[in-house]
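Student: I am new to this structure and would like to go through it with you step by step. Could we begin with a single residue and then widen the view?

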Amino acid sequence: MPFARLTTATTPTAHIGLGLAAVGRPGYINLHRDRDLPGERTVDELRARTHELLDAAYAQGVRYFDAARSYGRSEEFLGDWLTARPEVRDVVVGSKWGYTYTAGWSVDAEAHEVKDHTLATYLRQRAETGELLGDRLDLYQIHSVTPDSPALTDKELHARLAELAADGVSVGLSTSGPAQAEAIRAALAVTVDGEPLFRTVQATYNALETSAGPALAEAHAAGLTVIVKEAMANGRLAGTEAPAVMREIAAEEGLGSDAVAVALVLHQPWAGVVLSGAATVTQLAGNLHAAVLDLDEERRAGLDALVEEPEAYWRHRASLPWS
């Protein structure tokens, strides 16, 4: 398992990863992107921004980087960065397949990505990822699995994924939607030749959406590495958007609300890696303060009151505009 590299890491930030969804393409659903990114958002500008973030993250102890085929040019940007820094050999590199990027580098596209979990898409996208990341790919995940995904039942696909695992690339999945727990439990039951197929699971978990928690604990107990995405709920738990209780804790510590949001997830005993989705170096630095922020029982109890019903949370997320 590539994540074994993180178990001996001495820096507290080694278990915070950097996700590239917000900088690998011009449009995303995080709030206030107009403040975070240049107005033009050309390929060269976002390539430079991605490399700046990767440099800052690595210098501050971050050792997991997360891309996807649908994150625009994220794999290309990450691959370029790795090629330019051959001495960087202690990072874990993950990507995802299952969505095709369709926005044509436009913020106003009618459709930004199209989902397809068929074997044909896997074979095409695995080749594309190989062209960009080569032998630096450590983890390949099925993107946004839901309980009805054919990826949970397609035996031929499972066999091909098992071949990838035999070649040394860990196989995982990410989940989304109000039925994340069901999808995670279904994935835990998937085996090839009697062996579990999936070695990691990436799921949304934050102060507003905690429904996957018990299933993630089960996955951790089964030996999977748990990666948490959207710890800041696409910006709803950062800055002035954050609920009052989160801002109060942040003020007491002299930190930002984003650090509180990430710290809450880091406090979960099953959380292996928690992703920062920072779009600026300043945001990244604020997120990384979470590694040294203590949340006692009283503080966690106050944050527990923020939890929303999963269906309401995901309806709200679906209503966020691409910007």
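Student: Where is Tyr205 found?
Tutor: This is a predicted model, and the place of Tyr205 can be given by the elements on either side of the residue. One of these is β10, residues 200-204, and the other is α8, residues 213-221. Tyr205 is found in the loop between β10 and α8.

Student: Is Tyr205 buried or exposed?
Tutor: A residue counts as buried when its relative accessible area is under 20%. Among the residues that Tyr205 touches, leaving aside those up to four places away in sequence, are Leu216, Val228, Val265 and Trp270. Tyr205 has a relative accessible area of 9%, and therefore the residue is buried.

Student: How far apart in space are Tyr205 and Val192?
Tutor: In sequence, Tyr205 and Val192 are 13 residues apart. From C-alpha to C-alpha, their separation in space is 28 Å.

Student: Which residue of β12 stands opposite Gly17?
Tutor: Strand β1, residues 16-19, is joined to β12 by three bridges, and the two strands run parallel. Strand β11, residues 225-229, also pairs with β12 in the parallel sense, over two bridges, and there the bridge partner of Ile227 in β12 is Val273. For Gly17, the residue standing opposite in β12 is Leu275.

Student: Which residues on the two faces of strand β12 are buried?
Tutor: Strand β12 covers residues 273-276, and both of its faces are covered. The buried residues are Val273 and Leu275 on one side, and on the other Val274 and Ser276.

Student: How are α4 and α5 oriented to each other?
Tutor: The axes of helix α4, residues 74-84, and helix α5, residues 119-133, come within 8 Å and cross at roughly 30°. Angles under 35 degrees count as roughly parallel. The two helices, α4 and α5, are therefore roughly parallel.

Student: How do the residues of the contact of α4 with α5 divide into nonpolar, polar and charged?
Tutor: On the α4 side the contact is made by Glu75, Glu76, Leu78, Gly79 and Leu82, and on the α5 side by Thr129, Leu132 and Leu133. These residues divide into two charged, two polar and four nonpolar.

Student: What radius of gyration does the chain have?
Tutor: The chain holds 13 helices and twelve strands, and its C-alpha trace spans about 55 × 40 × 40 Å along the principal axes. Of the 323 residues, 56% are buried. A compact globule with 323 residues would have a radius of gyration near 20 Å, and the value for the chain, which agrees, is 18 Å.

Terms used:
Residues numbered from 1 in each chain as written. Predicted model: local features only at pLDDT ≥ 70, side-chain atom pairs only at ≥ 80, totals over all residues. Heavy atoms only, no water. Axes fitted to C-alpha atoms, helices over the stretch in contact; angles between N-to-C directions. Helix = DSSP H or I, 4+ residues; strand = E, 2+ residues; numbered from the N terminus. Parallel < 35°, antiparallel > 145°, perpendicular 65-115°, else oblique. Contact = heavy atoms within 4.5 Å. Nonpolar A, V, L, I, M, F, W, Y, C, P; charged D, E, K, R; others polar. Buried < 20%, exposed > 50% of the residue type's maximum accessible area, 1.4 Å probe, protein only. Pairing = 2+ DSSP bridges. Rg over C-alpha atoms; globule rule 2.2 N^0.38 Å.
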